[in-house]
Amino acid sequence: MQEFKVRTDLAVELKEDVAAHSYPENGVSFQEEYIYDGRIKVTKVIIENSAGEELTGKPVGKYITVEAKELSQQDTDFHRDISEKIAVYIKELLPKKRKCRVLVVGLGNRMATPDALGPAVVDNLFITRNMDEQFLSEELLRKCGKYEVSGIVPGVMAMTGMESAEIVKGLVKTTKPHVVIAIDSLAARNTARLNTTIQIADTGINPGSGVGNHRMGLTEESIGVPVIAIGVPTVVDAATIVNDTMENILDIFSLSDKLKSMAQVLKDFSPAEKYALIREVIEPEIGNMYVTPKDIDENIKSLSFTLSEALNIIWSGGI
């Protein structure tokens, strides 16, 4: 079997891959906590050095993952709680400036619903750049004066002929933000994480990498300022669905005396070996297929409000 690279943008899913290794010695550490009576799980993955990079395939930095099954439900109060918590984590990563200039970039294609998260978030942002030119009250200016926020939806290369990173780099030179916040849809390798997981990272982002569509990275190295990446997994590949189904079948086989030995053979495969086997079987027909839930329209709408509200909480001064 040839090597198969699992499609995932989530650092938290690397935990299963490196579980057999000693985290501190290899530059990777994990911290987990449950909040709101266990309804929300928060995992912090910290990759500290080049050894951690080699082990995980992720750049040095901090990855914060918030998981909650209720994120996929239309519960306004719960989404508000999530927004407040997300705001705290994002604020921790923002530069400590007297007046912090922030450029929010909504990555993705608003014409393709699973990829429309970034544009939808920017549509709902409270933009504060040049507020002093809008004849607002002194009280409003004072409350919102700690951050100067601008937003952009650069589109996708197929529409513009330009890399998102090229567009953002030009804007950075013009508007001179202290930090860029990039929001994008992600890919997961576990169907249970679809629309129920939010990842925040201080390492930037590679648009389209989760679905094998590699574009120029949006990182501090490429655009010249720090990049905070926020994403939600909205798609999984076909191999993920087959793998999840196979795991459930193996659990059933384990209950049968006749099939237990066969189930054990497959259970002894590593996650990478299982994925390699599955890909060899399905690749000729559906190997490059990506799947999203049928209620993705409502999910994108509610998740975009959750993320935009988290950002607005940071710089709206409590308004």
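How many residues does helix H9 have, and what distance does helix H9 reach from its first C-alpha to its last? In this predicted model, helix H9 covers residues 238-253, has 16 residues and reaches 22 Å between those two atoms, close to the 22 Å expected at 1.5 Å a residue.

**Helix H9**
- Seen by accessibility, the buried residues of H9 are Ala238, Ala239, Thr240, Asn243, Asp244, Met246 and Leu250.
- In an α-helix there are 3.6 residues a turn, so residues three or four places apart point the same way.

**The aromatic pair**
- One aromatic pair is found when the whole structure is searched.
- The pair is classed as tilted because the ring centres of Tyr147 and Trp315 are 6.3 Å apart and the ring planes stand at 55 degrees.
- Distant parts of the chain are linked by this pair, since Tyr147 belongs to strand S5 (residues 147-152) and Trp315 to helix H12 (residues 296-315), 168 residues apart.
- Tyr147 has a relative accessibility of 10% and therefore counts as buried.
- Trp315 is also buried, with a relative accessible area of 1%.

**A loop residue, Asn109**
- The loop between strand S4 (100-106) and helix H4 (117-123) contains Asn109.
- Asn109 counts as buried because its relative accessibility is 15%, under the 20% limit.
- A polar atom of the Asn109 side chain lies 2.9 Å from the backbone nitrogen of Met111.

**Cavities**
- Rolling a probe the size of a water molecule over the atoms shows where empty space is left.
- The count of cavities of 30 Å³ or more comes to two.
- The second largest cavity has a volume of about 40 Å³.
- Its lining is formed by Arg101, Val102, Leu103, Arg129, Glu148, Ser150, Thr175, Lys176 and Pro177.
- Strands S4 and S5 each supply at least two residues of this lining, and the largest share, three residues, comes from S4.
- By class, the lining of the second largest cavity holds four charged, three nonpolar and two polar residues.

**The second largest pocket**
- The volume of the second largest pocket is about 220 Å³.
- The residues that line this pocket are Arg39, Lys41, Glu67, Ala68, Lys69, Asn190, Ala192, Arg193, Thr196 and Thr197.

Methods:
Residues are numbered from 1 along each chain as its sequence is written. This is a predicted model: local features need pLDDT of at least 70, side-chain atom pairs count only at pLDDT 80 or more; totals for chains, interfaces and linings use all residues. Side-chain values use heavy atoms; hydrogens and water are left out. On a 1 Å grid over the protein atoms alone, a cavity is a set of points where a 1.4 Å probe fits but cannot get out, and a pocket is an open set with protein on both sides within 12 Å along at least five of seven lines; lining residues have an atom within 4 Å of a point. Grid points are joined across faces, edges and corners, and a volume is the space filled by probe spheres set on the points. Helices (H or I, at least four residues) and strands (E, at least two) are DSSP runs, numbered from the N terminus. The expected span of a helix is 1.5 Å times one less than its number of residues. Buried means under 20% relative accessible area, exposed over 50%, partly exposed in between (1.4 Å probe, protein chains only). Rings of Phe, Tyr and Trp (its six-membered ring) pair if their centres lie within 6.5 Å; planes under 30 degrees apart count as stacked, over 60 as edge-to-face and the rest as tilted. A polar contact is a pair of N or O atoms within 3.5 Å; within protein, one must be able to donate a hydrogen and the other to accept it, and residues adjacent in sequence count only if both atoms are side-chain atoms. Ala, Val, Leu, Ile, Met, Phe, Trp, Tyr, Cys and Pro count as nonpolar, Asp, Glu, Lys and Arg as charged, and the others, Gly among them, as polar.
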